[in-house]
Amino acid sequence: MGRRRPRPNKNRRDEKGYKAHVKENKLFEKYYKELGFVPEEEWDAFMNALREPLPITFRITSFGGETEELKKLVKTEYIGKLLEEKSESDKPKVICLPWYPDELGWQLNSSRQEVRKDARFEKLKTFLLQETESGSISRQEAVSMIPPMLMAVKSHHKVLDMCAAPGSKTAQLIEYLHNTPDNQIPEGYVVANDVDNKRCYLMTHQVKRLNSPCCAIINHDASYLPNLRYGDGPCEFVKYDRILCDVPCSGDGTLRKNQDIWSKWTPNQGINLHGIQAKILKRGLDLLEVGGRLVYSTCSLNPVEDEAVIAGMLQKCEGTVELVDVSEEIKNLKYTPGLSYWKLMTKDGSQFFDSYESVTNYTHFQPSMFAPSKEESEKLNLHRCMRVLPHQQDTGGFFIAVLVKKATLPWQQKKEAKLSEQKDKSEANGGEVKDNKMEEGNPSEQMVKEDEGTKKRPAEEDEDLNPKPSKQVTRRLHGYKEDPYIFMDEKDPMWEPIRNFYGIPEDFPRNQIMYRAENGQRRTLYFVSSAIRDLVRRNNDRFKFINLGVKIFGRSKSPLVPDCDYRIAQEGLVTMKSTLQKRALVLSREDFILALTKENPLFKEFSADGISKFQGIDTGSIALLYKGSESGSRPACDLVICGWRGKTSLRAFINHGLRFHYLRLFSEKLAEELAIQMEERKQQKKDKEKTEEEGNVELDPEENTGVDQRDVDSEKTRGERMEVDDGETVDDVVDGCDNDTGDRCTDGQTDECGT
């Protein structure tokens, strides 16, 4: 018999065994060729870019004294040589994003496969993993960085992120908010919302790396987002200075990353999402302060999801909202101006329509999806929108529009006039008028028609009535039952032992300390800004708060410290370090490095000055400070870690990511040596476990019962063990993308997944 003829492989797979995606979609090409926003001579470059893998991008956290030190480290130690080399595509291996400020954004022009195989990237991969864990680096797609930049956030602004998960843009907004002198707590705050309960917890992990007391994460449907009360009056509602409206979309701008979209894309996806996108934008404008700025964005190239939503809302606002030109605020970014004319295509691609009047036999098309007249388009200034195309700067596709609210919206004006009229009548009759602002969820059942033929309840016309979501949406909001947030009373007896032990000033705002144990022991104490406290106090029973505040103390009872049952938490040291007057020690450079590199260094291993300071303080939790700004040596920034002062030794209580981060600021060699030590300890532990399992070695009973004095000193409890995932590898930083765009895009669904 001859050899069997090989059969054609219908399920092609790549080198890892995963099913390979066919990067073609005839409908996609037909639709976007017809729209014409990609010039004919650039079409091949556009399609080729979509078929190429997305570059790896990251940015350096922009607040905190360590930013400049880390930027120098990135340029000299990790990408200095790579800047001069070329990738397989003849591009520089690494570039600094030319439009991102202060050289804080970077891009690797190499595929993930190339990064994995190239030994020159090994050091950089390890760096990215460890610095991401410490919060000093954020993995984020390049175009995802643009909307927060255009919001122009200041420290006093009230900021809302309507569709926030997974949280990279929220983290960026928090960074801008904290751009204050001397790292003072800002007056403003960030409220981050998402409809998906599980993704809210993912966002919590992303945001808490920044240790901000000025952020609250809530779980609501953005299109029906209730009003937040503030102050003591019954009719005072929060109006935000800045709103990010990053809506759910079809996500065809993320084809480079989400390759399954190639086979699933149809023109109907954008049509199905147009309505929810318009609702979210309208609710955002309702909540925006007059003079405030709203940024609308999608990771879709489809004008039905982009310009059509903007144009329809501008027409409804009747001149009270303006589309502004922000080209001067983000220089060196290449983009295509917004469209003034577009067409819609049927699902099978057989017909195109340029107006609602030309549509026949298709009920899913709505008037608001079509382009306005030429004269109306010129008035709306749709060319001020920005569409970033993948081939222009080797990015994903993205759409951004920046709106400014110039005056009260028309439907808000009608409501105010109605209330004023009712008040005048009531005063004339000597009675009182009931304020409709206090009526929650009391929409009339009467339906009213809008100009485009869609129906909407009056509650949606009134921003002060909290509109009720549908039953389907309500079911999706259900998730984990959260414990209530309880703020500490001014006379709470548990605070005095903590205050006395750490030497915290009497005027410290203890009413901004909260806990989540209504009954039983308070295991963790959190701190929030005064503005966040007021929001929670007024809305705790009306809003679903998922996470807020920063952990400052954790319960860790020890027989060695009978005076205080709480130890300092590393997360809260940025906020609390200046208040710990009795339990803060300033160490020299050498002593600080010793505390970081050794697990349990004895006092006698420190300098004479260090020994003297340890002897002058009692056993218990302490803060260790390094004054780099005064030392004149690297790093030239102040650092602080929490630790435990035992009887004869010291222990630093920080996770591995932060430990590597601080050592790297002193010297990259120190971080490398620590990595070798940790790997050796891990291998020794594995060898010991293997030997014990095989029963080849009998342990000495006396050796078994022996206790190291340093272990007794440390009193290391479960809560004090460093939280490190030993299963995480350096390749996770390449495969596990924290990018914002694409992860939340839908295929015809209406999840609030934003980009």
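Two strands pair if DSSP finds at least two bridges between them. Strands (E, at least two residues) and helices (H or I, at least four residues) are DSSP runs, numbered from the N terminus. The model is predicted, so to speak of local features requires pLDDT of at least 70, while side-chain atom pairs count only at pLDDT 80 or more and totals for chains, interfaces and linings use all residues. Residues are numbered from 1 along each chain as its sequence is written, and side-chain values use heavy atoms, without hydrogens and water.

Strand β1 (residues 56–60) and strand β3 (residues 105–108) are antiparallel and joined by four bridges. F58 has W106 of β3 as its bridge partner. The open sheet holds four strands in the order β2-β3-β1-β4, with antiparallel pairing. Because β2 (94–96) and β4 (137–139) are at the edges with a single partner strand each, one side of each has no neighbour in the sheet.

Angles run from 0 to 180 degrees between N-to-C directions, and axes are lines fitted to C-alpha atoms, for helices over the stretch in contact.

| Helix | Strands | Angle |
|---|---|---|
| α3 (residues 67–78) | β1, β3 and β4 | about 145° with β1 |
| α5 (residues 122–134) | β1, β3 and β4 | about 105° to β4 |

The axes of α3 and helix α23 (residues 656–666) come within 10 Å and cross at roughly 75°. The two helices are therefore roughly perpendicular (65 to 115 degrees). E69, L70, L73 and Y78 of α3 meet H661, R664 and L665 of α23.

Conventions. Contact = heavy atoms within 4.5 Å. Parallel < 35°, antiparallel > 145°, perpendicular 65-115°, else oblique.
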